Amino acid sequence: MFMIDLGAQSYYSALGVSPSATTEEIREVGDRLANELRAQQRAAASEEEKKRLEEREAYINGIVRELKAPAERAKYDREHAHVRFFDVQPAAAPLFTNKSDRLYVLHRVLGEFLAGQGVALAALSDLDRQDFAQDKTAVDLLDSLLR
Amino acid sequence: MSTADYTVTTAARAGDASARERARLRAAVEKLERGAVAGAGGTDGRARQRVALAEGYFRLAVLPDTDPAEALALVQKSIECDPFHPKFFFHLGRLLHRAGDFRGAVYAYREALKLAPTNHRAHAHLALALLELGDKEKTLARDVLKALAAGQDPGANELDKLNQLLDAWRKDKEEKPEAERADGGKSAEPARKGGGKDGEPAAASKRAAQGDGANGSRWPGLWRITLVDALTSKGRRRPDLDAQLKAGERRVRDGEGVAEYAVACLFPLLLGDLSADSLKNVAARLDGEQLKQHAEHPAVRLARTTLELARLQRALPEAATEGEGKAQDDPARAAFIPRACEAVAAGLLPAELVCFLHYLKFGPDSALPAADALRLLEAYAPAIKRAACFDELRIAVLDGFARRAWVGEKLDLARLLWRETIPLDPHRIAVAHNLALVAARTHARDDYEAAWERAFELRYLHAAAAGNPRVLLEDRRTMHLAFAQQSEQRYAEAGKAKDPKEREREALAAWLADRDAVAVWLREWDFYYLNSRLRFRSPVHLLGVSRDASGEVVTEARAALLRQIETLLSPQPWAGIKTFCALAEELVNEAAEAAADLTARRRDPFYEEEKADADALAYEAITRGFRLHDMLRVLAERRDGAQLALGAALARHLFALPWRILQPICAARGLIDPDLDLVEHFENVFVRLALADETEPEDERAAARRLNQLAHALEVLPDNVPLRFRRCRYLLTARRLEETYAEAVAAVPLAAALPDPKEADLYSHNLCVMADNAAFAAFKPSVKKLETDEQVERYVAEWRAVLARFPRAVGFRKELAEFLIKLGRGKYVTAAGELLQDGLPLALTDEQRDELSAMLGQAGQQARSAAVEDEVRALLDGAVQSVNGVVKELNRDPSAAARERARATVRQAVADARRAAQLAAKAGLNEARERAEKTVEQLGALEQKLG
């Protein structure tokens, strides 16, 4: 039976970060790993070992460079959809889990609640509005047909 | 009437009113479209009509329940009718903005601003769209908002910067395919973040830019969106927040915006900041001079109650909670749940806000253990527990703790908690997804398949329920692609050889050895491809044809997509899949209909926008095709018939790709020789694989096994002549004679139609031989000796019986006819002629027909000779018998009278024999003639003896 492998090798697993890690997190981890590898190179027992560590450092740097560039990261993610997809998803409503959404959800909830008490709460922007009655323009020909 | 009743009735009335308004508008628009209104003639009349139509489309578009896609199309129609009204462009921008097409929105807002350069509303929304994009765009957005907040119109400098940005985008689009751009920009479904409701405005777009606090904008909403941005931007600064809130406060002082300001004071809490500092600041604002005057305003009461609840530290009064240490002096610390219940019951707060605050304070991010957090929920009043949002709170708590368990590798607990959410919402995709991940991570073979099937099913079911196959489409694409990619990449590094080609061959061989992995790749990629096609709004891209495709190609592409829906989606045992299939078919049929209209095809508004994605998908299909081809070659190298089932599966997917469309792309990109017929080439590779084992099966059982293997290949290429011929061979070896015969007879016309005449002749001939061989193999006569007429008759009857089973075995028929002819008797020769005559319409080839005709001519001659021979034989036999009779009589009665009678008889016999000799001589029957002459001679001698 073919089963997906949640630990599949990826740029993210090489860095040990989540596929949803921010650029900042990636940069921090990349710097830390590079520093560690450089320290190991200095303490390497042989040239061969040192070369291996240098290659590893170059590999990590390459990954970080690619993931830091939004376009390249988007391309990598698209070509490795499984890396992101096979991650746990929040099952709770966005109100509880999505900080950027919750204000707008709650604003709408409060708007509806206050409307029930006869108070109008203006939408935050036209993106949230439903009623555009004020945007209508009087056009005789049309309005005569509607009368 | 209760408040709830009032709300329901009001909503119903509002819905009715909207439906009535829509119907009236539609009727008016139809009249205008037909030109069936007074005053629509002449240049002025036509202009008035177009303006009225533009407004009609617009009003339909902005009705509250108009579908977003329809609204977009309607606004575009408005612009076609009247391209000089800024509001149409503004609303086009708004709709694109909501749909997540931020670049499209920016273009539209800019068009609006070209027509109305001082419109702050358009400027503000332009800024909101820019805030969704890159750093440069954000900087420009902030400049625009800063100018607006200062009461200025954004100057030429900002507009120049905007134009520069748009130029840069255009250049970016020309240089890079859409798929390679960072922002993606254009989504096929409404922008959704964090699983928000469809059509929910994209979250980030609601973050506004930092202003300087002075809100002199002519658009009154500016201060709140800049406040939101100030709260959500990194490194937010207190003075910025204060400046924006002061702007709101000024509006309260001016006698308006109490609700907006009171609610805005809560924004930090609504964003989740319940720190002491934040609570203190909110309290200070709510206690401020302006709101004090409106203490009884419902919004102010709501804000104060919210703050009061947010300050409470304990969920339950101390006595009601076990094991929480010593009693607290402050009663407020023990009262969140009871106080929240009171506030909701008193109509001071909506239950949603209570649920949200509860989650923040006592949810998974609190210090409470999961069991305690879940137990707390039971303390709420039944009225709150019955609310839909309370189920959401329960799910959020369960999910939050489940995710914590997942991270902490407590997978059994995670599974348990996620399963607990199912009774609350059995259709939640994320839960199904997470449970499938648990099954994968624990390698739970019993759960794995069912868990993923559920995750698949729900993603289609939601779209079916929404009546739109494009709902969750991106999610489904990613899901199918994720599976396909994981299968593909699992063996990507399996090759060890130094030579790259050999290494790749080894990797493919390793992959092919994992049948399950290959099956997943085959299936999932097809699902991915189908969903990817459905995402296009351009009809030609949806169908996957070029813009100048012929009607025939369009029809073919439509049929191919419908076939894919039928064979791939329809058999899935998922709930709602039939509805989904019907919706998908509708989409395909609509696209085919639209593509058939050449004018509509030229005006296709999505063509250019989606072209890069369509090209990328075509390239992915080509890559997939070549990969399948390489896999077939690797299999063919093994010369192992057991691989044929897998090979057939690969070939089926290979041939399902639209090569008629892809081949010219391959040639244009230099991937193949322009003269190469790819499908023919792929067929040859596949047939090579199918016929790789050239050895004869050792026995019937081996032949049966090979037949089973070959059946896979014939399912893919049922009309392939070499495969059919090979099947005949195996059937014959397996002694399935009727089937051999039937297969050969059925395949001859296919062979005759082969383009190469030599090949056509060769296969036709060989298939005829196969039909004959089947008949010969079936002929097992029971008669071993042919000494008597009866034996001959039986032998012929048995032969005829076999011929009745294999009537078109012409060689067999000829053999029987020859045998009959050789028997020489007239009746046999006549029967042979009839046999040949009957065979003429049954001949499989012209060659056979010619042979039968030639033989029939020969048989006719034979028949005539046989008749003469029969007459000769009759004359001679008669002569001999009559002479023998008189000789016997003479021996008994040697009288003179008897002697005279004998002489007369012999004389007559001699005359008969002479006549026989003449007949035989005339017919060229030398043997008969010689026999007759000898008889004449013998009888003549007897005649002389008798005197």
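Helices are taken here as DSSP runs of H or I spanning at least four residues, numbered from the N terminus. In the predicted model, B:Asp893 is placed by this assignment in the loop that lies between helix H42 (846-892) and helix H43 (896-923) of chain B. A residue is classed as exposed if 12 or fewer other C-beta atoms lie within 10 Å of its own; B:Asp893 has 12 such neighbours and is therefore counted as exposed. The C-alpha atoms of B:Asp893 and B:Leu786 are separated by 42 Å in space, the two residues being 107 positions apart in sequence.

Chain B as a whole contains 44 helices and zero strands. Of its 947 residues, 43% are buried. When contacts within chain B between residues at least 6 apart in sequence are considered, 61% link residues that are at least 24 apart.

The contact between the two chains involves 62 residues from chain A and 87 residues from chain B. On the side of chain A that touches chain B, at least two residues are supplied by each of helix H4 (70-79), helix H5 (81-85), helix H6 (94-97), helix H7 (99-116) and helix H8 (140-146). Helix H7 of chain A provides the largest share of this side, with 13 residues. The composition by class of the side of chain A that touches chain B is 39 nonpolar, 12 polar and 11 charged residues.

Note on methods
Residues are numbered from 1 along each chain as its sequence is written. Chains are lettered from A and ligands numbered from 1 in the order in which they are written. This is a predicted model: local features need pLDDT of at least 70, side-chain atom pairs count only at pLDDT 80 or more; totals for chains, interfaces and linings use all residues. A residue is buried if 20 or more other C-beta atoms lie within 10 Å of its own, exposed if 12 or fewer, and partly exposed in between; C-beta atoms are placed from the backbone. Two residues are in contact if their C-beta atoms, placed from the backbone, lie within 7 Å. Ala, Val, Leu, Ile, Met, Phe, Trp, Tyr, Cys and Pro count as nonpolar, Asp, Glu, Lys and Arg as charged, and the others, Gly among them, as polar.
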